[in-house]
Amino acid sequence: MAIFRWGHRWDPLQDLEREVDRLLSSVLSFQGIRFGRQYPPVNVIQLELEYVLTAELPGIRPEDLELTVANGVLTIKGERVGPEGIPDERFRRQERPRGNWRRSISLPDSIEEDKMTAEFVNGVLKVHLPRTPVVRPRQIKVVDGNA
Amino acid sequence: MSETPQAPTPSAIAVTTSGAAPPPTEAQVVFTPPIDIFETTAGLVLLADLPGVAPDSLELQVQDNKLTLFGRVDATLPEGAQVIHQEYRVGHFLRSFILSDEVDHENISAKLNHGVLEVILPRAQQGEPRRIPVAIE
């Protein structure tokens, strides 16, 4: 603990990790704005009756989230804003991604677009894409034309 | 298509001051969440992105001078689910910080809103400067 603090800025929060760990973890785990990657990253799972698309969007207000679907393409867009009224020089750390983002995802052919629903829980967006019931192949009877 | 956003109200999170930091037990990935720290007139504010962490699955501890946040995320998929596209992995979140005496440890408060943890670290009241008499030999 420093005794003489003159000329030192108030910085009582000291990260435990070492810089190497930080670099490593930033490569391994910082999801989101990583160079060359699209934001937000999405996962899709397939269930018997639906596909479920999820995207991690912490800190987004649901009212700022825009979902549209047109021509088989789902578009999600929004903005991540930083804490309001805090000038940059007050930041000791700034790791959380910010800014406008937009993502377009092609939907599988076999979904019912008009029955799609979405929910936003604990910073995770979940879009339910109901699958169209499998159409049974229809047998066409061939009539013997010579008869 | 309809959107059914859930707007949970920011919930207060109890800050415990005893017990060991919770170790991640399951064989699930643990991520270091990205954070922001900024200074206000009252002290410091820490923001951490914890998507998927519910208020009751977040543990925030101050022990001695160490602040630890641990957010559990349930990564189990519904039965019969098949992953057809994966761009991110789901895991717990863990990160620790050292607090100095300049933070009022007793009055740390926190809330979780839409997957973002906000920890308020008030500045401790500074004591009066004490004069140290210097004896002349």
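1. Which residues have the most contacts inside the largest nonpolar core? They are B:Leu46, B:Ala48, B:Leu50 and B:Leu117, in a core of 27 residues. A nonpolar core here means a set of buried Ala, Val, Leu, Ile, Met, Phe, Trp, Tyr and Cys residues joined through C-beta atoms within 7 Å. A residue is called buried if 20 or more other C-beta atoms lie within 10 Å of its own, exposed if 12 or fewer, and partly exposed in between, with C-beta atoms placed from the backbone. At least two residues of this core come from each of strand E4 (35-39), strand E5 (43-49), strand E6 (58-63), strand E7 (66-71), strand E9 (92-99), strand E10 (109-113) and strand E11 (116-122) of chain B. Apart from it lies another core, of 16 residues, which includes A:Val44, A:Ala55, A:Leu57 and A:Ile76.

2. A word on the basis of these notes: the model is predicted, local features need pLDDT of at least 70, side-chain atom pairs count only at pLDDT 80 or more, and totals for chains, interfaces and linings use all residues. Residues are numbered from 1 along each chain as its sequence is written, while chains are lettered from A and ligands numbered from 1 in the order in which they are written.

3. Confidence should be read before the details. The pLDDT, which is the predictor's confidence in each residue from 0 to 100, has a mean of 82 in chain B, where 79% of the residues reach 70 or more. Within chain B, the lowest confidence falls in strand E1 (residues 2-5), at a mean of 40, and the highest in E11(B), at 96. Over residues 1-12 of chain B the pLDDT stays under 50, and the model has 26 contacts beyond four places in sequence for them; residues 18-26 of chain B also stay under 50, with 10 such contacts. The model scores ipTM 0.73 and pTM 0.72.

4. Chain B has 0 helices and 11 strands, where helices (H or I, at least four residues) and strands (E, at least two) are DSSP runs numbered from the N terminus. Of its 137 residues, 29% count as buried. Among the contacts in chain B with a separation of 6 or more, 63% are between residues 24 or more positions apart, a contact being two residues whose C-beta atoms, placed from the backbone, lie within 7 Å.

5. B:Leu69, in strand E7 of chain B, is buried, with 24 other C-beta atoms within 10 Å. Not counting residues up to four places away in sequence, B:Leu69 touches B:Ala48, B:Leu60, B:Arg95 and B:Leu117. B:Leu50, with neighbours within four places left aside, is in contact with residues of chain B including B:Pro33, B:Phe93 and B:Leu117, and also with A:Pro58.

6. Where do the chains meet? The contact takes 48 residues from chain A and 45 residues from chain B. On the side of chain A that touches chain B, two or more residues are given by each of strand E1 (13-15), E2, strand E4 (66-70), strand E6 (91-94) and strand E8 (117-121) of chain A. The residues of that side divide into 25 nonpolar, 11 polar and 12 charged; Ala, Val, Leu, Ile, Met, Phe, Trp, Tyr, Cys and Pro count as nonpolar, Asp, Glu, Lys and Arg as charged, and the others, Gly among them, as polar.

7. Strand pairing also crosses between the chains, with 4 bridges joining strand E2 (residues 42-46) of chain A to E8(B) in an antiparallel arrangement; two strands pair if DSSP finds at least two bridges between them. A:Val44 stands opposite B:His85, and A:Ile45 has B:Val83 as its bridge partner. Strand E8 (residues 82-86) of chain B lies largely in the open, because 0 of its 5 residues are buried.

8. Within chain A, 3 strands form an open antiparallel sheet in the order E4-E5-E7, with E4 and strand E7 (99-106) as the edge strands. Strand E5 (residues 73-80) of chain A is joined to E7(A) by 8 bridges, and A:Glu79 is partnered there with A:Asn100.
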